[in-house]
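Please read the following account with the sequence and the coordinates side by side.

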Amino acid sequence: MPPPPPEDEPADESWLATYADAITLLMAFFVLLVAVSKVDLALYEEVAEGINQQVNKKERKAPIKDMKADAAEIVQEYTDGKALKLGVDDSGIVLEFDSSTFFLPGTAQIVEAAYPVIAAVSELVNAPQYVMFNLDIEGHTDDDPISTVQFASNWELGAARAASVLRAMNENGTQVKRMRVLSYAETRPKAPNRAEDGTPLPENKAQNRRVVMRIHQKPFEYSPPKYVPLTSIARDVEGTVQPQGAAPQAQQ
């Protein structure tokens with residue numbers, strides 16, 4: 001009597017689980033590399049949160065996402081979405097204040113109705129979970145030159161408006177060391193100020209008059225300059241600065 005044929009053993013498919021996990025991790029790794037290569041912190045945070053939920057099955061803190069949601073509530077509560085706009089950049093949150101709404105024309109004086117909005121923004125960034133964020137406050141103008149006793153150019157006007165927002169934020173408790181002011185005058189327009197034939201475009205000009213607040217986690221670092229020592233500078237008898245080693249001029 002011949003022996004019975006061997007029974008077929010069930011296929012061991014346990015390796016599929018390990019293979020699927022490896023593929024998932026590789027995909028997540030490459031997505032993470034793409035996000036980091038663009039230095040897009042907002043995207044990095046979203047990717048990290050997604051990986052954490054899929055791999056660790058745990059919630060991960062996402063301060064940029066949380067702040068964006070909180071800032072959206074301020075925009076909805078205090079404005080129509082035009083006077084104060086919410087956006088994101090590769091560093092964090094962007095709030096754009098419409099200068100025509102927030103300032104008296106041709107001045108850096110904030111209108112009374114704008115102070116509650118700034119106070120709400122200050123309260124937001126002062127929350128304990130957001131104290132690691134710093135603020136760049138930028139002043140932008142249109143291309144109409146200004147020349148007044150107070151402002152000699154659009155550079156002064158842009159800087160003064162940004163400084164007014166900083167001062168109002170500070171009055172509501174935001175530390176000065178977390179903020180800095182920049183003026184771009186008319187050099188960073190959102191839209192062309194004029195048509196190709198030079199005709200002014202009032203709607204575009206209104207868009208370009210703005211104060212932009214960038215809220216990010218980049219540290220404010222200051223590197224003192226390395227001054228050239230005096231011993232490396234030679235001076236002739238008349239006070240003309242000459243490079244070290246240069247022959248002195250003959251006296252007449």
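The model is a predicted one, and its secondary structure amounts to seven helices and seven strands. Followed along the sequence, these elements come in the order α-α-α-β-β-α-α-β-α-β-α-β-β-β. The chain has 252 residues, of which 32% count as buried, and it exposes about 16,700 Å², with carbon and sulfur atoms supplying 57% of that area.

Helix 6 spans residues 154-171 and has 18 residues, and the distance from its first C-alpha to its last is 26 Å, close to the 26 Å expected at 1.5 Å a residue. At its start, a side-chain oxygen of Ser-153 comes to within 3.2 Å of the backbone nitrogen of Trp-155, while just after the helix Gly-173 takes a positive phi of about 105°. The buried residues of helix 6 are Asn-154, Leu-157, Gly-158, Arg-161, Ala-162, Ser-164, Val-165, Leu-166, Ala-168 and Met-169. What do these buried residues of helix 6 pack against? Their partners are helix 4 (99-102) and helix 5 (115-125), together with strand 3 (134-140), strand 4 (179-185) and strand 5 (210-216).

Side chains of opposite charge can pair when their charged atoms come close. A search of the whole structure finds nine salt bridges, and one of them joins Asp-89 to Arg-214, with the closest N and O atoms 3.2 Å apart. Asp-89 lies in the loop between strand 1 (84-88) and strand 2 (92-98), whereas Arg-214 belongs to strand 5, so this pair ties together parts that are 125 residues apart in sequence. Arg-214 has a relative accessibility of 28% and therefore counts as partly exposed.

Asp-143 and Arg-194 meet through their side chains in a salt bridge of 2.8 Å, N to O. This pair links distant parts of the chain, with Asp-143 in the loop between strand 3 and helix 6 and Arg-194 in the loop between strand 4 and helix 7 (202-208), 51 residues apart. Arg-194 also meets Asp-144 in a salt bridge, at 3.3 Å from N to O. Since Asp-144 is in the loop between strand 3 and helix 6 and Arg-194 in the loop between strand 4 and helix 7, the pair ties together parts that are 50 residues apart in sequence. Asp-143 is partly exposed, with a relative accessible area of 23%, as is Arg-194 at 32% and Asp-144 at 34%. Asp-143, Asp-144 and Arg-194 are linked with Lys-205 in a network of salt bridges.

Two polar residues in helices remain to be described. Asn-208 lies in helix 7 and is buried, with a relative accessible area of 0%. A polar atom of the Asn-208 side chain lies 2.8 Å from the backbone oxygen of Ala-191. Apart from residues up to four places away in sequence, Asn-208 touches His-140, Thr-141, Asp-142, Pro-189, Lys-190, Ala-191, Pro-192 and Asn-193. Ser-164, found in helix 6, counts as buried at 5% relative accessibility. Leaving aside neighbours within four places in sequence, Ser-164 is in contact with Phe-103, Ala-108 and Ile-110.

Methods:
Residues numbered from 1 in each chain as written. Predicted model: local features only at pLDDT ≥ 70, side-chain atom pairs only at ≥ 80, totals over all residues. Heavy atoms only, no water. Helix = DSSP H or I, 4+ residues; strand = E, 2+ residues; numbered from the N terminus. Expected span 1.5 Å × (residues − 1). Buried < 20%, exposed > 50% of the residue type's maximum accessible area, 1.4 Å probe, protein only. Contact = heavy atoms within 4.5 Å. Polar contact = N/O pair within 3.5 Å; in protein donor to acceptor, adjacent residues only side chain to side chain. Areas by Shrake-Rupley, 256 points an atom, 1.4 Å probe, with all protein chains shown as cover. Salt bridge = Lys/Arg side-chain N within 4 Å of Asp/Glu carboxyl O.
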